[in-house]
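Let's take a walk through this fold, one piece at a time. Keep the picture open beside you as you read.

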Amino acid sequence: MTARPKHTTPTGNLLTLAEVLDELRVPRSTFFKWKATGRAPRTIKYPNGSLYVRRRDLDHWLNDHEEAA
């Protein structure tokens, strides 16, 4: 079984919504609540409705939500 190639743009790799949900370990409903309230990472919506997140945007979002030790 071969891995699907990552989508790439000039600004970095694009993650599918499923990949983002898996990494964040949250259900779709939580992600969309965050999105509706402006608390989710930036997304890119394709004309077919698919959502993607740039790897760098997710990393930046995670860094912004890191708690101090």
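This is a predicted model: local features need pLDDT of at least 70, side-chain atom pairs count only at pLDDT 80 or more; totals for chains, interfaces and linings use all residues.

Now step back into H1 itself, which covers residues 17-24. Four of its residues are buried: Leu17, Val20, Leu21 and Leu24. Where do the buried residues of H1 sit when you look down its axis? They fall within an arc of 100 degrees, so they line one face of the helix.

Over on the face of H1 turned away from its buried side, you'll find Ala18 and Asp22, which are exposed.

## H1 meets H2

H1 packs against H2 at an angle of about 100 degrees, and their axes are 10 Å apart. An angle from 65 to 115 degrees counts as roughly perpendicular, and that is why H1 and H2 get that label.

Who makes the contact? From H1 it's Leu17, Val20, Leu21 and Leu24, while H2 brings Arg28, Phe31, Phe32 and Trp34.

## The nonpolar core

The largest nonpolar core has twelve residues, including Leu15, Val26, Phe31, Ala40, Val53 and Leu58. Helix H1, strand E4 (51-54) and helix H3 (55-64) each put in at least two residues. Which element gives the largest share of this core? That's H1, with four residues.

Leu51 is also one of the core residues. Setting aside neighbours within four places in sequence, leucine 51 is in contact with Leu15, Thr16, Leu17, Phe32, Lys35, Thr43, Ile44 and Lys45.

## Rings that pair up

There are three aromatic pairs in the structure. In one of them, the ring centres of phenylalanine 31 and phenylalanine 32 are 5.8 Å apart and the planes are at 90 degrees, so this pair is edge-to-face.

Another pair joins tryptophan 34 and tryptophan 61, with ring centres 5.6 Å apart and planes at 40 degrees, so it's tilted. This pair links distant parts of the chain, since tryptophan 34 lies in helix H2 (residues 28-36) and tryptophan 61 in helix H3, 27 residues apart. Is tryptophan 61 buried or exposed? Its relative accessibility is 12%, so tryptophan 61 counts as buried.

Methods:
Residues are numbered from 1 along each chain as its sequence is written. Side-chain values use heavy atoms; hydrogens and water are left out. A nonpolar core is a set of buried Ala, Val, Leu, Ile, Met, Phe, Trp, Tyr and Cys residues joined through side-chain atoms within 4.5 Å. Buried means under 20% relative accessible area, exposed over 50%, partly exposed in between (1.4 Å probe, protein chains only). Contact means heavy atoms within 4.5 Å. Rings of Phe, Tyr and Trp (its six-membered ring) pair if their centres lie within 6.5 Å; planes under 30 degrees apart count as stacked, over 60 as edge-to-face and the rest as tilted. The arc is that of the directions from the helix axis to the C-beta atoms. Axes are lines fitted to C-alpha atoms, for helices over the stretch in contact, and angles run from 0 to 180 degrees between N-to-C directions. Angles under 35 degrees count as roughly parallel, over 145 as roughly antiparallel, 65 to 115 as roughly perpendicular and the rest as oblique.
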